[in-house]
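Hi everyone, thanks for coming. Let me put the structure up on the screen, and then I'll walk you through it.

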Amino acid sequence: MAKVNIVRPGEGEILGSGAQQIRILENGEHTDHRLGFAEVTIPPGTPSPLQHRHAQHDEGFYVLAGTFRFTVGEDQYDAGPGTWVIVPTGAPHTFANVGDENAVMLNTFTPDLYVQYFRDFKAMIDSGQPVNAETMQPLWKNYATEISNEYAS
């Protein structure tokens, strides 16, 4: 029989430090790897990820606090609390906190492929490597992700 998993406030795997962090709420272990789920907190002024697209997972974002700007190709959408954004496989995207306070969102990955990416990304940062296209391309390649501002054909 499958066991129910409950993650309470302050629990879960924490990646990051200070105001910027990712709290893994579901690492795929309890969903046969069909779903990964995280709470993401981003302070104002934090650089956004390079625009990219995923070939093997969909990504969802539910904004809890603050305002995120999602860039999808050439289009931009501001999303405040209560907004749900789904990015299907092959859609280019990035996001940034455009407010003056911490922004918080829930982030889904179906399947859970990207949970390990966040661990590897943290290890890259902890090792002192810069975050740029040159360092991100090999990491993203491991997770069927590529830098792009165009939809996959």
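This is a predicted model: local features need pLDDT of at least 70, side-chain atom pairs count only at pLDDT 80 or more; totals for chains, interfaces and linings use all residues.

Residues are numbered from 1 along each chain as its sequence is written, and side-chain values use heavy atoms, with hydrogens and water left out.

Let's begin with alanine 19, which sits in the loop between β1 (13–17) and β2. Is alanine 19 buried or partly exposed? With a relative accessibility of 37%, alanine 19 counts as partly exposed; the classes are buried for under 20% relative accessible area, exposed for over 50%, and partly exposed in between, using a 1.4 Å probe and protein chains only. Apart from residues up to four places away in sequence, alanine 19 touches Thr41, Pro43 and Asn102, where contact means heavy atoms within 4.5 Å. From alanine 19 to tryptophan 84 there are 65 residues along the chain, and their C-alpha atoms are 23 Å apart.

That brings us to tryptophan 84, which belongs to strand β8. Its relative accessibility is 45%, so tryptophan 84 is also classed as partly exposed. Together with Tyr62, Leu64 and Ile86, Trp84 makes a nonpolar surface patch of about 380 Å². Patches here take residues with over 30% relative accessible area and no salt bridge, joining like charges within 9 Å and nonpolar side chains (Val, Leu, Ile, Met, Phe, Trp, Tyr) within 5 Å. The areas come from the Shrake-Rupley method with a 1.4 Å probe, and for residues only the protein chains shown count as cover. Which strands supply at least two residues each to the patch? They are β5 (58–65) and β8 (84–87).

Now to the inside. The largest nonpolar core has 28 residues, and Phe68, Phe70, Met105 and Tyr117 have the most contacts inside it. A core here is a set of buried Ala, Val, Leu, Ile, Met, Phe, Trp, Tyr and Cys residues joined through side-chain atoms within 4.5 Å. Among the elements supplying at least two residues each to this core are β2 (20–26), β3 (36–42), β10 (103–110) and the helices α1 (114–126) and α2 (133–141). The most comes from α1, with 6 residues.

Take phenylalanine 70: leaving aside neighbours within four places in sequence, its contacts include Phe61, Val63, Ala79, Val85, Phe95 and Met105. Alanine 79, in strand β7 (residues 75–79), is buried because its relative accessible area is 2%.

Histidine 57 is another one to click on, in the loop between β4 and β5. At a relative accessible area of 1%, histidine 57 is buried. Beyond neighbours within four places in sequence, its contacts include Thr89, Phe109, Tyr114 and Thr145.

On to charges. Side chains of opposite charge can pair when their charged atoms come close. How many salt bridges does a search of the whole structure find? There are 6, a salt bridge being a side-chain nitrogen of Lys or Arg within 4 Å of a carboxyl oxygen of Asp or Glu.

One of them joins arginine 119 and glutamate 13, with the closest N and O atoms 2.7 Å apart. This pair links distant parts of the chain, from helix α1 to strand β1, 106 residues apart. Another pairs glutamate 39 with arginine 23 at 3.1 Å, N to O. Since glutamate 39 lies in β3 and arginine 23 in β2, this pair ties together parts 16 residues apart in sequence. Glutamate 39 is buried at 19%, and arginine 23 is buried at 11%.

Arginine 53 and glutamate 146 also meet in a salt bridge, 2.6 Å from N to O. Arginine 53 is in strand β4 (residues 52–54) and glutamate 146 in strand β11 (residues 145–147), so parts 93 residues apart in sequence are tied together. Arginine 53 is buried, at 15%, whereas glutamate 146 is partly exposed, at 39%.

Conventions:
Helices (H or I, at least four residues) and strands (E, at least two) are DSSP runs, numbered from the N terminus.
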